[in-house]
Amino acid sequence: MHTNMQPPITQQEKGGVGQFLKNYLKQSLEIVKHPLKLLPTIVLGAIWIVLGWFSSKMKLSMPLEVVSFLTFTQGGLFGGVIGAVGGILGKVVVAAFLNAAILPLFEKKPPFGGIQGSMRHIVGSMKINSASAMAPLFYGLGIALLIYGFMNITQSGKNAMVGLVSAVLLIQGIGNRGGFVWGLLFSIANSSSKGKVPQFASITRFLLGMSLGFTLSAGLSLAGLHWCFWLAIPMLIIGFIFSIFKKKVNNSM
């Protein structure tokens with residue numbers, strides 16, 4: 001049966017974390033050779049600067065508030081140094097989302113390629129045969145809640161867009177089994193498994209958990225509830241509890 005077969009492992013995925021980051025940086029710098037592809041990021045950067053300046057001088061009109069929300073303009077403007085660093089990370093995510101939406105059009109491809117195949121991978125990964133298989137899902141939920149709280153330090157609804165775009169990018173990664181987060185997780189798992197091929201289902205569950213976590217985080221912010229850090233703790237604890245079931249089973253055999 002082909003349903004349980006894992007896709008072929010690329011040369012980049014075979015390496016450790018250091019090799020993956022080196023290869024990813026090299027691939028990212030390739031865009032410099034195509035200046036036109038930098039245009040979406042440049043335009044987005046200009047919007048951040050202009051709207052950021054206006055918001056510091058006056059109250060934005062409703063249309064500008066909408067643009068500010070969609071572009072995560074106010075991310076990193078509050079919360080001191082930690083808030084600034086988290087906001088920068090959030091802006092990188094938003095820029096990646098914009099590029100995923102626009103850059104494929106340069107190659108006459110549909111944006112967000114891979115999302116259509118996400119459901120198939122998600123359904124396949126949710127064939128649970130043990131309690132421990134649920135651990136990656138809850139770990140992903142908890143970690144996403146923490147990361148979102150870092151990127152949107154005030155957990156303001158005005159900056160909730162970063163959670164929504166993060167969820168979309170992760171779902172895309174599940175669909176095409178690629179992208180930065182997928183590759184990073186796979187390289188980490190590959191390094192820690194001592195040469196044993198990591199299970200794609202476990203990584204898919206983790207990314208699904210993160211997608212749900214980012215969506216939940218954005219929903220909480222839009223509802224005015226600052227619960228991300230508080231909810232992250234029980235999610236991580238539940239993930240840990242599920243993960244020890246496998247260890248207990250292995251020790252009893």
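The legends below describe close-up views of a predicted model.

Residues are numbered from 1 along each chain as its sequence is written, and side-chain values use heavy atoms, with hydrogens and water left out. In this predicted model, local features need pLDDT of at least 70 and side-chain atom pairs count only at pLDDT 80 or more, while totals for chains, interfaces and linings use all residues.

**Figure 1. The protein chain as a whole.**
The secondary structure of the protein chain consists of 11 helices and 0 strands. Helices (H or I, at least four residues) and strands (E, at least two) are DSSP runs, numbered from the N terminus. Of the 253 residues, 38% count as buried. Buried means under 20% relative accessible area, exposed means over 50%, and partly exposed is in between (1.4 Å probe, protein chains only). Among contacts between residues at least 6 apart in sequence, 75% join residues at least 24 apart; contact means heavy atoms within 4.5 Å.

Helix α7 covers residues 135–151. The 17 residues of α7 reach 24 Å from the first C-alpha to the last, close to the 24 Å expected at 1.5 Å a residue. The expected span is 1.5 Å times one less than the number of residues in the helix. Because 12 of the 17 residues of α7 are buried, this helix is largely enclosed by the rest of the structure. Among the buried residues are P136, L137, F138, L141, L145, Y148 and M151, and the glycines G140, G142 and G149 are also buried.

**Figure 2. Crossing of α7 and α10.**
Helix α10 covers residues 200–222, and its axis comes within 6 Å of the axis of α7, with a crossing angle of roughly 40°. α7 is therefore oblique to α10. Axes are lines fitted to C-alpha atoms, for helices over the stretch in contact, and angles run from 0 to 180 degrees between N-to-C directions. Angles under 35 degrees count as roughly parallel, over 145 as roughly antiparallel, 65 to 115 as roughly perpendicular and the rest as oblique. The crossing of α7 with α10 is right-handed. A crossing is left-handed if the near helix is turned anticlockwise from the far one by less than a right angle, and right-handed if clockwise. The residues of the contact of α7 with α10 comprise 17 nonpolar, 6 polar and 1 charged. Ala, Val, Leu, Ile, Met, Phe, Trp, Tyr, Cys and Pro count as nonpolar, Asp, Glu, Lys and Arg as charged, and the others, Gly among them, as polar.

**Figure 3. Packing of α8 against α10.**
Helix α8 (residues 161–176) packs with α10 at an angle of about 160°, and their axes are 8 Å apart. The two helices are therefore roughly antiparallel to each other. Their crossing is left-handed. On the α8 side the contact is made by G163, L164, S166, A167, L170, I171 and I174; on the α10 side it is made by T204, L207, L208, M210, S211, F214, T215 and A218. By class, the residues of the contact of α8 with α10 are 10 nonpolar, 5 polar and no charged.

**Figure 4. S211 and the end of α10.**
S211 lies in helix α10 and is buried, with a relative accessible area of 4%. Not counting residues up to four places away in sequence, S211 touches A167, L170, I171 and I174. The 23 residues of α10 should span 33 Å at 1.5 Å a residue, and the end C-alpha atoms of the helix are 33 Å apart, which agrees. Just after α10, G224 takes a positive phi of about 80°.

**Figure 5. The loop between α7 and α8.**
N152 lies in this loop and is buried, at a relative accessible area of 1%. Leaving aside neighbours within four places in sequence, N152 is in contact with N159, A160, V162 and S221. Q155 is found in the loop between α7 and α8 as well. The relative accessibility of Q155 is 5%, so this residue counts as buried. Phi of Q155 is near 55°, a positive value in a residue other than glycine. Most residues other than glycine have a negative phi.

**Figure 6. F72 in the loop between α4 and α5.**
F72 is placed in the loop between α4 (62–71) and α5 (80–106). F72 has a positive phi of about 60° although it is not a glycine. The relative accessible area of F72 is 0%, so F72 is buried.

**Figure 7. I42 in helix α3.**
I42 belongs to helix α3 (residues 39–57). At 53% relative accessibility, I42 counts as exposed. I42 and A95 are 53 residues apart in sequence, and their C-alpha atoms are 9.6 Å apart in space.
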